[in-house]
Amino acid sequence: MNSQNIKNTLKRYKQYVPPFLGRLGTGIWKSLEIPLGALLERRAILKGQRIVWPVAEVADFERALLLGPTSSDALVQVDFTLISPGTERAQLQGLVGNDFPYYAGYSGCGEVISVGKNITRFQKGDRVAGRIPHKSPATVQEQYLFRIPENVSMEQAAFIELGIIVLQGIHKAQIQPGESALVLGQGLIGQLANRLSRIAGAAPIIAVARSKAKEKAAVNDWGADEFLTSDELNEAEPSDGYDLVIETTGDANILPIASRFARKGGRIIGLGTPRGRGRISLGQNGARPGVRIIGAHISGIPQYERAPGLWTYQSEGRLFLDLVARHKLMVDDLISQKADPMSANSVYESLLNENPGIIGVLFDWRSCGPRRAKFNFKG
Amino acid sequence: MANATPSFRITKKWHKWKILYDNEAIEDTVLLKKRLRIAAVGGGDIGIRNANSIKAAQAAELAAVCDIDPAVIRDLAKSYDVPAITDYDRLIARSDVDAVFLSIPHHLHTQMAIQAALAKKHVLLEKPLATNSQEATKIVEACRAAGVRLTVNFSFRYRPVIELARRLIKDDILGKISGTQINLFQLKGTKYWAGGFTGRATGDWRRSKEKAGGGVLINTICHALDYLRYCTGLEVTRAFSEYGTYASPVEVEDAITMSYQYNNGAIGSIASSTFWHANKRDEVLVWGTHGSLRIEENNVLRLWSSRPWKSLSPGKEHLLGDFPQVDYTSKWIDRFARAVENGLPHDITGRDGWINNAVIEAAYRSRDQRRALSVESYPWQEL
């Protein structure tokens, strides 16, 4: 049920719409969708901003009325959210089966401005990071939030979800010291995969991307040892292959390539979000080379249990922040651009143009509207 | 047909973007020193309307009215209290006339415009500039030699909906322009070809290829060709057309299709008929890499863009309408008069008229030569 429905229903049955409800279908009120449950729960309605993709390949910044937190949510005034260019480009083009309008974003940080009564771990004023969409203020469930340690900056903490995505893949890969790794794709996930597999002990690490533009970010003391473009990789002399091939591109036809470069008995780690359908041959790509294909997409993360190689969301998140706090993991150099959310339209337009130099883009929500959300209706 | 109430809900009302006029308006920046005294020549339907527009223009003054037939201008002269003159030579010899506005059959443009230029009168011409490029060249040459101003009545440019379209394109809302289309289907009828819709001045010059220069393309579509140039800033470089006379008792074409290419590689087409008995269909489409717009009958503009503009959000279609009624002809006269009096460049020049004629000429000749023809480029350097 949305606001227009309420208005129409009232009109039909009462032939009268009170003046304050008359505004429901117009202006900012149009953006409000009230699930019946939210009415019963008496959730607050507050003014906020968000990024919306109304149709494929179009992004917009909008001011909207948002639902306040439930008793088990925290309300976060957002500082930064991170765009993951590869994933969001695919979503924006509608390649991963998402519908429009679509509200994107899944990694950000900010400050808690209020908590539901069931929340014990956080309180007002806490600096938190977690699964936060491109929206401010955002209501976030407690299990997707982490307190940011003192010596981790807000910009670093905004990488949290990306860090978790890669860390759970690294755990599932069960890397042994000295194993060679080939990382296919050097977007944000690929870059973090270089760095985290180095921390896990893999060596040497070869980063592969289509263009040279990402070499500088990939090859350094805390990342990959060597960089190859995909053409160079194809032309390279045949070797024994790599113990680990970490796939981060999401390309449907990557598996034959990955299996070509895996050592006999090696492992292919499927980290990217696969889009579209590709053709693979079990014999040629899996059975004969004797490779193991390990599905390591974030959607396979366990919620509650923790087993060897299967860490929970919470434990991965805490580990990420810990690694950053102890300067084991660098992320600052992955920020190519800080953008104003109001310029979302042009930011995503340049993203669609596939500028290979862009790795991570942060939306800076601090300048958007008042620091504190205005409560114009308290249930 | 004017002002039929649109049956749809217009999403944005004009008053929200009055700002459109403010930036480039001469009248806001220039003081009015003295009014330009313009004589209205020609007493047909359009001539009368134009005389009224001269009267309505703040910076201009109706100095006299002129027609070879005294009957058609008698009432007008009386109601505006200006001299009614039947002899054109006597009119242009008068010292109380600064400029002439010629609303006369196309084939008379050349001779009468050159006469006016020789008499050092500025020339305001009804569209088209001339029946063909050669004639147009003569007019522009004469005006340049005499040092008088020449302007052509492509005043559709001042329609608010056109101004808005231009602003949208200028603000890069459509991205790189990649195409345009003009569709015009209407009923002209025998009366139109015989002299005019009201029939107050009879004459069959519109039927004659030699006198009119052509049919629906040169008579009507010339406006859309011009305002698309104005909106997009693009020039047609190559054109091909097919046309014929199908249902009207005339020598000129009464239906035409045309395709053309712009200097940036964009493409376009025209389809038009003058014996379309159903509801009039008049639309101009412009599309680019990031959006499209459609100018429809009833002064409505439909916009879709992937980019936001002012309060219009991207990714959906907006119906922009409710524009104010503007006497665009008098706005054109007013701005021309102010530009002349203050020594400033005026908006619609002989160059615009000449280029319009060149495109039309290439289109007409392309059918006879059975191949697309390049449009000649303007032969003079702009001052």
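Modeller: Start where the chains meet. Seven residues from chain A and seven residues from chain B make the contact. On the side of chain A that touches chain B, three residues are nonpolar, one is polar and three are charged. Keep in mind that this is a predicted model.

Biologist: What makes two residues count as being in contact?

Modeller: Their C-beta atoms, placed from the backbone, must lie within 7 Å.

Biologist: Into which domains is chain A divided?

Modeller: Domain 1 covers 34-147 + 332-377, and domain 2 covers 175-307. Their centres, taken over C-alpha atoms, are 30 Å apart. Between them, 13 residues of domain 1 of chain A contact eleven residues of domain 2 of chain A.

Biologist: Which helix gives the largest share of the domain 1 side?

Modeller: That is helix α4 (residues 85-92) of chain A, with four residues. By class, this side of domain 1 of chain A has seven nonpolar, five polar and one charged residues.

Biologist: Why are α4(A) and α13(A) called roughly perpendicular to each other?

Modeller: Set the angle against the cut-off. The axes of α4(A) and helix α13 (residues 344-352) of chain A cross at roughly 95°. The range for roughly perpendicular is 65 to 115 degrees. The two helices are therefore roughly perpendicular to each other. Their axes also come within 10 Å.

Biologist: Which residues make that contact?

Modeller: From α4(A) come A:Pro85, A:Glu88, A:Arg89 and A:Leu92. From α13(A) come A:Tyr348, A:Leu351 and A:Leu352. By class, the contact of α4(A) with α13(A) has five nonpolar, no polar and two charged residues.

Biologist: What is the strand order in the open sheet of six strands in chain A?

Modeller: The order is β11-β10-β9-β12-β13-β14, with parallel pairing.

Biologist: What makes β11 and β14 of chain A edge strands?

Modeller: Each pairs on one side only. β11 spans 226-229 and β14 spans 292-295. From one strand to the next, the twist averages 20°.

Biologist: How do you know that β9 and β12 of chain A pair?

Modeller: Count the bridges. Pairing needs at least two bridges between the strands. Strand β9 (residues 181-184) and strand β12 (residues 242-247) of chain A are joined by four, and they run parallel. So the pair meets the cut-off of at least two bridges. As one example, A:Ala181 has A:Leu244 in β12(A) as its bridge partner.

Biologist: What lies across β9, β10 and β12 of chain A?

Modeller: Helix α7 (residues 188-200) of chain A does. This helix runs at about 175° to β10(A). Angles over 145 degrees count as roughly antiparallel.

Biologist: Now chain B. How many helices and strands are there?

Modeller: Chain B has 13 helices and 16 strands. Of its 383 residues, 48% are buried.

Biologist: What makes a residue buried?

Modeller: 20 or more other C-beta atoms must lie within 10 Å of its own.

Biologist: Where are the domains of chain B?

Modeller: Domain 1 is 31-154, and domain 2 is 156-324 + 348-374. The contact takes 21 residues from domain 1 of chain B and 27 residues from domain 2 of chain B. On the domain 1 side, α7 (133-146) and β7 (150-152) of chain B each supply at least two residues. The largest share, four residues, comes from α7(B). By class, that side of domain 1 of chain B has eleven nonpolar, eight polar and two charged residues.

Notes: Residues numbered from 1 in each chain as written. Chains lettered and ligands numbered in written order. Predicted model: local features only at pLDDT ≥ 70, side-chain atom pairs only at ≥ 80, totals over all residues. Domains from an automatic or database assignment. Nonpolar A, V, L, I, M, F, W, Y, C, P; charged D, E, K, R; others polar. Axes fitted to C-alpha atoms, helices over the stretch in contact; angles between N-to-C directions. Buried ≥ 20, exposed ≤ 12 C-beta atoms within 10 Å, placed from the backbone. Parallel < 35°, antiparallel > 145°, perpendicular 65-115°, else oblique.
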